[in-house]
Amino acid sequence: MSLALAPFANEPVLELRRATERAKLAVGLGELVLPVRVPVWIGSDRRAGEQLVSTDPGRPERVVALAARAAPADADAAVAAARAAFPSWAATPVEDRAAALLRAAAWMRERRAALAALAVRECAKPWPEADADVCEAIDFLEFYARGALELATGAPLLQVPGERNELQYAPRGVCAVIAPWNFPIAIPTGMTAAALAVGNTVVLKPAEQAPGCGLRVVEALRAGGVPAAAISLLPGEGDVGAALAGHRDVATIAFTGSGPVGLELLRTAADVAPGARQLTRVVAEMGGKNCVIVDSDADLDEAVPAIVESAFGYAGQKCSAAARVLVHEALHDTLVERLAGAVQGLEVGPADAFATDVPPLIEQAAQTRVLRYAAIAAEQGQLALAGAHDVRADGWYVAPVIATHLPADSRVLREEIFGPLLTVEAVRVVDEACDRVDELAVALTGGLFSRNPRTVRRVIARSPVGNLYVNRATTGAMVGRQPFGGNRLSGTGTKAGGHDYLRHFVEPRVVTENTVRHGLVV
Ligand SMILES: NC(=O)c1ccc[n+]([C@@H]2O[C@H](COP(=O)([O-])OP(=O)(O)OC[C@H]3O[C@@H](n4cnc5c(N)ncnc54)[C@H](O)[C@@H]3O)[C@@H](O)[C@H]2O)c1
């Protein structure tokens, strides 16, 4: 089968200022049947259960999904199924694999409102972000389908008379995909689609907070034509992820999540399991402590809304969210005052309200963690916004916090908080801000506001981060436009949604053939 595809283009997000678009989403929410029942789904074997419960972070008594909890023994069964399915999926023509991904994208497109509604309920994603999550999932499917077709052409090699050289990329085998909850549809879809596109088989372990969204990813791929045994679903907690990662027949671990778990997976993979016939490769995308530098010539009308969006959108629960602002001392007080004013106007509320800017956090433990950091910030420095928001008590809400005057060694300035807490520090010159960024072991995203092209070039040259944004928000990377991923301890240097990403899921094989005639074999 040959596939003639239009060049990749991002799925357009809904224009939610239009009442008709908002109405479509409201219908999707109205039609959502809860709880979603999520099985352990290994090949065509479905085991129902209710041991794993996901709830609405804005109304925790509302059960969103009831899932069977996979045990480590299920990891063995799922890997065995994936291993058995591997030769045939790997041998499936790349055009057919790509076509299955494109049909999965069409399946999601048709159910766009229902999928966004589920992300609103299960992970408290406000509507614009929930819709963008579905669009990003569709983008990953479309982008990696095209990428696999391209990669299948191999790579050109030098040819000389008398020999033929050929390089082809072969799939590695079984891939364990271990996903976080904060992009509950896009991230599991992206990692899974990449692995499948180039011929690997997959066992998906979605985040325990988002099994319902994980189920929809697997349904989309199977509806698209990916064979059941090539994509299994293991709803469960960290123990199942660990069992998958340590399995000797897992060739690749694709992980997105926190630094400590990512490092543990790297250690597990380094310890070659007895009987293993392959080194386990780890694709790990982890957390950061994202800094935005604001120079004295910055346009604050541009910087303030962009920083507020970066720090407080989805309550600061994006890996790309701005956590620290490093501002020229001449602008410090003005910037803090303007940020505080802007943040005061943010609406803290339930994710399903279209006016909401800052939704509740994912779970109670997250609320406790962020409040603990806010207390440390209040003790060590000053809070610019104390008491500005009266938050509801019926969900895991935390009011936005802006903290200033913290000591350089404060934990609040160094650790990933993953919530609506932004710190602001004064620096004498931009290079001092670059020094502070450079001191960090993590390097995911960063931002710069400056009108001086020389400053922009200098900061670009000194910036270690995976994604640097100049004079704009630090969030909202788009597939194909901003390949995304961190450096240093923020990741293995992977760029999701970029042209190199698929190479993590293949191994190159070179064949050299002597083409000099040796005479006839009779
Ligand atoms: N770099 C990126 O692209 C990116 C994107 C999204 C999120 N993140 C990061 O993810 C984190 C938030 O997500 P989270 O709270 O779901 O992260 P997490 O590390 O707690 O969990 C991620 C996944 O790992 C599983 N897991 C937990 N312990 C495990 C273990 N010992 N072995 C194997 N698997 C295990 C979880 O069950 C979940 O499925 C933040 O640190 C954020 O910065 C990074």
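R392 is partly exposed, with a relative accessible area of 39%, where partly exposed denotes the range between buried, under 20% relative accessible area, and exposed, over 50%, as found with a 1.4 Å probe and protein chains only. The residue R392 belongs to the loop between strand 14 (382–383) and strand 15 (401–404); helices (H or I, at least four residues) and strands (E, at least two) are DSSP runs, numbered from the N terminus. Although 334 residues separate R392 from G58 in sequence, their C-alpha atoms lie 9.2 Å apart in space. When neighbours within four places in sequence are left aside, R392 is in contact with P350 and Y397, contact being defined as heavy atoms within 4.5 Å.

The model described here is a predicted one, in which local features need pLDDT of at least 70 and side-chain atom pairs count only at pLDDT 80 or more, whereas totals for chains, interfaces and linings use all residues. Residues are numbered from 1 along each chain as its sequence is written, and side-chain values use heavy atoms, with hydrogens and water left out.

The protein chain as a whole contains 15 helices and 21 strands. Its radius of gyration is 24 Å, close to the 24 Å that the globule rule gives for 522 residues, so the chain is as compact as a globular protein of that length; the radius is taken over C-alpha atoms, and the rule is 2.2 Å times the number of residues to the power 0.38. Along the principal axes, the C-alpha atoms fill a box of roughly 90 × 55 × 50 Å. Of the 522 residues, 57% count as buried, and the chain exposes about 21200 Å², of which carbon and sulfur atoms supply 53%, with accessible areas computed by the Shrake-Rupley method with a 1.4 Å probe and, for residues, only the protein chains shown counted as cover. Among contacts between residues at least 6 apart in sequence, 77% join residues at least 24 apart.

Strand 10 (residues 250–256) is mostly covered, since seven of its seven residues are buried. Strand 10 runs parallel to strand 7 (residues 174–178), to which five bridges join it, two strands being counted as paired if DSSP finds at least two bridges between them. In this pairing, V177 stands opposite A254 of strand 10. Strand 10 also pairs in the parallel sense with strand 11 (residues 281–285), again over five bridges, and here the bridge partner of I253 is V282 in strand 11. From strand 10 the chain crosses through helix 9 (residues 259–270) to strand 11 in a right-handed β-α-β crossover, a term which means that, with the strands pointing away from the viewer, the path from the first strand over the helix to the second runs clockwise.

A further group of three strands forms an open sheet in the order 1-5-4, with mixed pairing. Its edge strands, each of which pairs on one side only, are strand 1 (36–38) and strand 4 (52–56). Neighbouring strands of this sheet are turned by 40° against each other on average, direction ignored; axes are lines fitted to C-alpha atoms, for helices over the stretch in contact, and angles run from 0 to 180 degrees between N-to-C directions. Strand 4 and strand 5 (residues 59–67) run antiparallel and are joined by five bridges, with D56 standing opposite R59 in strand 5. Helix 4 (residues 112–123) packs on the sheet and touches strand 1, strand 4 and strand 5, its direction making about 120° with that of strand 5. Helix 7 (residues 211–224) lies across strand 1, strand 4 and strand 5 and runs at about 70° to strand 1.

Most residues other than glycine have a negative phi, and most peptide bonds are trans. The peptide bond from L34 to P35, however, is cis, with omega near -5°, and P35 is found in the loop between helix 1 (19–31) and strand 1. N471 has a positive phi, near 55°, and lies in the loop between strand 19 (467–470) and strand 20 (487–488). R488, in strand 20, likewise has a positive phi, near 50°. N471 counts as partly exposed at 26% relative accessibility, and R488 counts as partly exposed at 36%.
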